[in-house]
Amino acid sequence: MRLCIVALNTFKESIRNRVMINILLFALALILLSLVVGDWSMGHQVKVIKDFGLSAMSLFGLLIALFIGIRLMVQELEQRTIYVIASKPVRRWEILIGKYAGLSLTLLINIVFMTAALWAVGFVMEKTIDFGLIPAIVLMYVEILLMVAFALLFSLLSSPTLSAVFTITMFAVGHMSGFLRDYVVLYPDKGFHWLFKAIYWVAPNLENLNLKTSVVEHLQLQPHAFGYGLLYGLGYIFIVLFIAVAVFDRRDLK
Amino acid sequence: MKPIARKLVWTVCFIAAILTVVFSQIELNQHREIRFVDKRPVFLPKGKALAALTLGQRSLVGDWLWISTVLYYGRRVMDEDNRYYTYAVQQGRITEELGPALRHPDTVSTNPLLKVQSDLGHLLYRFESRGLVGYIYPMLDGVTTLDPHFIFPHVFGGVYVLMDTGEIDAAIALLEKGYAANPDSWELPFYLGWVYWMYKSDLQRTYQYLLEAMGKQGCRKYVGDLLRGVSQNMNRTEMTRIYLQGLLESTQSPEVKKRIEAVLRELPERGRQ
């Protein structure tokens, strides 16, 4: 119950955030712009529109994770409003998870808006709504939630600027780790394999949550790809949030 | 719940989450293969539209597209330097992978007078990668629209890619586009002459292009030898050798050099036959 109150307050707060509204409007504009970009492609207009739209959703989700996720706790700590909340009968983990849940709800609404815009643009072109995009969008949402969790964790450990750098690095490494694995197999004669293997197993493999190409190309989705991807993402979010709670629990708020 | 019990429950949950992540990763890895044949379409704006959007950085965008083109080609072409290809061969999967992807090359009609054509067919008419690098000519068209004075992409598509794909008309169109934009270049008509001679068996066009190349500043002496060869019905093998040496001399690309040297190594033996 207390967790829900914190979540609801965070939701109300973030939905009014001008930065987020601007990012959302810009993302919607970009999805509409994909109509023009698609026209420049050579015979792959619908594909380009979908690629462009899904990438815009993913990247703007990352931006929201950076701008809002990092500020989520930092703002409370800087403005000392955390003392007011902490003095109430509410546990620290409830504050942290409540805030995370509130932002997750906001992000869900954003994703729904952007999906509706993408479907509208797709409908103009194809006269049909491509529901096949849903698995990719669900995993994309999980990916954004994971990035928010990382942003939250880093913001508890360092300054907002460094947190943004760390989160972007995690996003980049996460999308490259599949390549690192391929590199180890394809270039067995080259060095640093131990390092690449370590990165592959420790950093999140965000390609597990990336079905964009498969759904846009209408490739047959392997049954395991969505299920295990979802399991992987949710498991990872739990781990990162668990560490964030442990860090916040030990933080001296005096 | 007592604090110690709560801690225990959370610790178990944390370990369970780690195991879930590791287990899902292992499961996903089992279904993941490194494939040589990569048929993902390439996002490629039309060259003219891209030119309008470069905000005055045409050459820079052209360079970026050129690098993308080289990477695209290197990743997909059947070549022993392509690790994706050699890996598929090692795994014994190459035939299975190529099956649906490969388009069989059109038969090129060879001129019975140019016996050297059939002798060197296995090197100059490999055409193995046709169907695997379907976007290469549109990409090269984009590069050369952005930077029409960048000669090498024309040569790359007109000579080197042609050996792998057999897209003769696309190669000629690219070289002619380059020649129109660089009318002072002696190399482009020289290469055009090569394609018309070797792949089209059109001696009249070859003669015309060599003649044009001769009239340009900086033209090498061997172009004159070739011109004499065409007009005096020179030994065909000898002409091929001069042509290939000219191609070798005029390129900086190690890949192109390697391929031409391979052809030249076989040529003297054939010439003595």
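Buried residues account for 34% of the 273 residues in chain B. The model is predicted. The legends below take chain B as a whole, then its helix pairs and selected residues, then chain A.

**Figure 1. Chain B is built with 15 helices and zero strands.** Buried positions make up 34% of the chain.

**Figure 2. Helices H3 and H8 of chain B cross at roughly 160 degrees.** H8(B) covers residues 136–146, and H3(B) covers residues 58–76. Their axes come within 8 Å. Angles over 145 degrees count as roughly antiparallel, and H3(B) and H8(B) are therefore roughly antiparallel to each other. The crossing is left-handed. From H3(B), the contact draws on B:Arg58, B:Val61, B:Gly62, B:Leu65, B:Trp66, B:Thr69, B:Tyr72 and B:Tyr73. From H8(B), B:Ile136, B:Met139, B:Leu140, B:Gly142, B:Val143 and B:Leu146 take part. By class, the contact of H3(B) with H8(B) holds ten nonpolar, three polar and one charged residues.

**Figure 3. B:Trp64 sits in helix H3 of chain B.** Is B:Trp64 partly exposed or buried? B:Trp64 is partly exposed, because 14 other C-beta atoms lie within 10 Å, and a buried residue needs 20 or more. B:Val143 is 79 residues away from B:Trp64 in sequence, yet the two C-alpha atoms are 8.7 Å apart. B:Val143 is one of the H8(B) residues in the contact with H3(B).

**Figure 4. B:Thr86 lies in helix H4 of chain B.** This helix runs over residues 83–90. B:Thr86 has 16 other C-beta atoms within 10 Å and is therefore partly exposed.

**Figure 5. Helices H9 and H11 of chain B cross at roughly 10 degrees.** H9(B) spans residues 151–165, and H11(B) spans residues 187–198. The axes come within 11 Å. Angles under 35 degrees count as roughly parallel, so H9(B) and H11(B) are roughly parallel to each other. Their crossing is left-handed. On the H9(B) side, the meeting residues are B:Ile151, B:His154, B:Val155, B:Gly158, B:Val159 and B:Leu162. On the H11(B) side, they are B:Glu187, B:Leu188, B:Tyr191, B:Trp194 and B:Val195. The contact of H9(B) with H11(B) divides into eight nonpolar, two polar and one charged residues.

**Figure 6. Helix H14 of chain B has 15 residues.** It covers residues 236–250. From first C-alpha to last, H14(B) reaches 21 Å, close to the 21 Å expected at 1.5 Å a residue. Which residues of H14(B) are buried? They are B:Thr237, B:Met239, B:Thr240, B:Tyr243, B:Leu244, B:Gly246 and B:Leu247.

**Figure 7. Helices H5 and H6 of chain A pack at an angle of about 145 degrees.** H5(A) runs over residues 92–126, and H6(A) over residues 134–157. The axes are 11 Å apart. H5(A) passes H6(A) in a right-handed crossing. H5(A) contributes A:Tyr100, A:Leu103, A:Ser104, A:Leu107, A:Leu108, A:Ile111 and A:Thr115 to the contact. H6(A) contributes A:Ile137, A:Tyr141, A:Ile144, A:Leu145, A:Val148, A:Ala149 and A:Leu152. By class, the residues of this contact are twelve nonpolar, two polar and no charged.

**Figure 8. A:Gly122 is a buried residue of helix H5 in chain A.** A:Gly122 counts as buried because 21 other C-beta atoms lie within 10 Å. Beyond its neighbours within four places in sequence, A:Gly122 is in contact with A:Ile49, A:Lys50, A:Ile129 and A:Asp130. A:Ser34 is 88 residues from A:Gly122 in sequence and 9.9 Å away in space, C-alpha to C-alpha.

**Figure 9. A:Lys127 lies in the loop between H5 and H6 of chain A.** A:Lys127 has 7 C-beta neighbours inside 10 Å and so counts as exposed. What is phi of A:Lys127 near? Phi is near 60 degrees, a positive value in a residue other than glycine. Most residues other than glycine have a negative phi.

How values were computed. Residues are numbered from 1 along each chain as its sequence is written. Chains are lettered from A and ligands numbered from 1 in the order in which they are written. This is a predicted model: local features need pLDDT of at least 70, side-chain atom pairs count only at pLDDT 80 or more; totals for chains, interfaces and linings use all residues. Helices (H or I, at least four residues) and strands (E, at least two) are DSSP runs, numbered from the N terminus. A residue is buried if 20 or more other C-beta atoms lie within 10 Å of its own, exposed if 12 or fewer, and partly exposed in between; C-beta atoms are placed from the backbone. Two residues are in contact if their C-beta atoms, placed from the backbone, lie within 7 Å. The expected span of a helix is 1.5 Å times one less than its number of residues. Axes are lines fitted to C-alpha atoms, for helices over the stretch in contact, and angles run from 0 to 180 degrees between N-to-C directions. A crossing is left-handed if the near helix is turned anticlockwise from the far one by less than a right angle, and right-handed if clockwise. Ala, Val, Leu, Ile, Met, Phe, Trp, Tyr, Cys and Pro count as nonpolar, Asp, Glu, Lys and Arg as charged, and the others, Gly among them, as polar. Angles under 35 degrees count as roughly parallel, over 145 as roughly antiparallel, 65 to 115 as roughly perpendicular and the rest as oblique.
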